[in-house]
Amino acid sequence: MSDQNLPRTIETLQRKITDLRKHAGQHSEQRCAELPQIIEELNRVIETLRLAEQPLQNQAEHYRLLVEGCTDYAIFMLDPGGNVVSWNAGAERIKGYRAEEIIGKHFSCFYPQQDVETGKPDQVLHMAAAMGRHQDEGWRLRKDGSRFWANVVMTALRNEAGQLHGFAKVTRDVTERRRVAARLRSLIDTTQDAVIFIDRQGRIDLFNPAAERIFGYTRAEVQGQKVQMLMPEPYASEHDGYIERYKRTGEPHAIGRIRSVAARRKSSEVFPIEISVAELGDDEDMRYAALVRDVSERVKLQGQLLERERLASVGTTAAILAHEIGSPLNGISLAVQLLEKQLTKQHALLDDKVTALLDRIAREIRRLTLLLDEYRALTRDQRFDLQPTSLMTVVTDVLAVETQHYATLGVHVEQEIPSDLPLLVADSHKLKQVVLNLCKNAVEAMPDGGTLTVRAYDSGRQLCLEVSDTGVGIPAGIDIFAAFTTTKPHGTGLGLAVVRQIIEAHKGTLTYHSVPGQGTTFTLTLPISQSETG
Ligand code: ADP
Ligand code: MG
């Protein structure tokens, strides 16, 4: 007999038994003959039922053992009202109650006081009953009152008719996981390096505050975007290729070492970074974590240091040269003057040609002397004589001497300096040199004449001086402040190097804005309080 025709067999038997009962008084021979057959069939039914029940019993037993033995999870059941009806070893371990203590108690005793007051346990019951399943994380209490961070899944149990007859709850203690995650989170949030997580497709999925600061994008702007948006060419185009190759060959390009490359800010400024990339996760869910350090400041400082070193070594040579060349140059200069006098005495010989030649010699000597002076200015042991100084006086002194000369070159000078500027603490002689160099460059940028404007104003904590011209502009791509950078056939390339050195000693700044063909403005700022300048 198989399980399928069991119901029919039982039905037939029932009919036969009813029939027997009905005619209980009348013992017909035929009926008596049926009895052993009925009993035999009954036995068979009972045997079939016993056999059928066994696997069910076994299964229930297996589940019971599984639940009992599971000590990592608290697994227990509630009746529809929320009272505990079963309790496993994991529940005892995690929550601290033994089965006999807790069975029959309401599950709200697992919640902190505050949650009980706001009715959270009841809400959870309702939600689980309504949705069939409810999952959440939060603080729960142990028997001894201590807290743990719980991950809870609650499932409503219903019979076939849909009647609720309780809830199964599975609770895990994930306090440690939460603590680690919180520590990691605060580390990522506070580190000064940019931390960026990238998924397998190279899309950004974590962008920490340092990354926002360094790159200038907000998290929302980059979330889900290709990481290439943070890279300049050629890295950007090559990047997909790197990931592909790495996935194919396992041959790392950036992973596991620190590389110096360039990155791009939102402002499209390209800047130097150091980057190291680590793999997170497994094959399925591979992620990359990039640690990025903005080294632009360091690179700039290094550049300045190198520049200083270069100037210092130039300086030693220059000091020797200045001495070795300076004396004979003086000698020649004197000789030329003497020669001029001698020739003047013998009028006859002093024709135009000779005068022109002498002039030229004198001019060349002046040029050489200037070159030597600029060398000396750069290399001289820099001592600054700081005194209360009027910027107005400095500028006026320089222009008083130069304006006449500039006029002959077709350059018109405009001076806009308020008379009530606060005094600076500065070396006025050095400042004159600065103003002179800037004006000289401006005039030299206007071979066909133009306007030189010198403006000064008080911008609060500092004074600003602007020197503007209407000249040719500064070609892009050259570092005009570097020593020996010049675009002029007879330039020394030292003027701005000297200027910068002086400004730095005054803790000021010097910037410029230039439009080719229209002109250039140099802006100099000097702090009004110079107390700490040395
Ligand atoms: P030099 O004047 O001897 O060339 P500087 O250090 O004074 O050296 O200037 C360096 C270079 O900067 C110049 O050769 C020129 O190309 C550029 N420059 C400086 N000032 C100006 C300006 N006002 N307009 C255009 N170019 C300028
Ligand atoms: Mg110059």
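What follows is a chat about the sheets, cores, rings and a few single residues of this predicted model.

Q: What kind of model is this, and how are things numbered?
A: It's a predicted model, where local features need pLDDT of at least 70 and side-chain atom pairs count only at pLDDT 80 or more, while totals for chains, interfaces and linings use all residues. Residues are numbered from 1 along each chain as its sequence is written, chains are lettered from A and ligands numbered from 1 in the order in which they are written, and side-chain values use heavy atoms, with hydrogens and water left out.

Q: How many bridges join strand 6 to strand 7?
A: Three bridges, with strand 6 covering residues 194-199 and the two running antiparallel. I198 stands opposite I204 of strand 7.

Q: And the sheet with mixed pairing, what's its order?
A: That open sheet of five strands goes 12-14-15-17-16. Strand 12 and strand 16 are the edge strands, each pairing on one side only. The twist from one strand to the next averages 15 degrees.

Q: How do strand 12 and strand 14 run?
A: Parallel, joined by six bridges. V411 is opposite G450 in strand 14. Helix 13 packs on this sheet, where it touches strand 12, strand 14 and strand 15, and its direction makes about 165 degrees with that of strand 12.

Q: Switching to cores: how many residues does the largest nonpolar core have?
A: It has 41 residues, and L391, C439, L452, L465 and F522 have the most contacts inside it. A nonpolar core is a set of buried Ala, Val, Leu, Ile, Met, Phe, Trp, Tyr and Cys residues joined through side-chain atoms within 4.5 Å. Buried means under 20% relative accessible area, exposed means over 50%, and partly exposed is in between (1.4 Å probe, protein chains only).

Q: Which helix gives the most to that core?
A: Helix 14, with seven residues.

Q: What does C439 touch?
A: Setting aside neighbours within four places in sequence, C439 is in contact (heavy atoms within 4.5 Å) with L399, Y406, L452, V454 and V467. Apart from this core lies another, of 25 residues, including I214, A236, A263 and V277.

Q: Rings now. How many aromatic pairs are there?
A: Eleven. Rings of Phe, Tyr and Trp (its six-membered ring) pair if their centres lie within 6.5 Å; planes under 30 degrees apart are stacked, over 60 edge-to-face, and the rest tilted. F207 and F215 have ring centres 6.2 Å apart and planes at 45 degrees, so that pair is tilted.

Q: And F215 with F271?
A: Edge-to-face, 5.8 Å centre to centre with 65 degrees between the planes. The pair links distant parts of the chain, from F215 in helix 8 (residues 209-215) to F271 in strand 9 (residues 270-280), 56 residues apart. F215 counts as buried at 2% relative accessibility, and F271 is buried with a relative accessible area of 2%.

Q: Which rings form a cluster?
A: Ring pairs link F76, W87, Y97 and F110 into one.

Q: Which residue lies over the face of W149?
A: R178, at 3.7 Å from the ring centre. K430 lies over the face of F384, at 4.5 Å from the ring centre. The test is NZ of Lys or CZ of Arg within 6 Å of the ring centre and within 35 degrees of the ring normal.

Q: Last one: is N208 buried or exposed?
A: Buried, with a relative accessible area of 0%. N208 is in the loop between strand 7 and helix 8.

Terms used:
Two strands pair if DSSP finds at least two bridges between them. Helices (H or I, at least four residues) and strands (E, at least two) are DSSP runs, numbered from the N terminus. Axes are lines fitted to C-alpha atoms, for helices over the stretch in contact, and angles run from 0 to 180 degrees between N-to-C directions.
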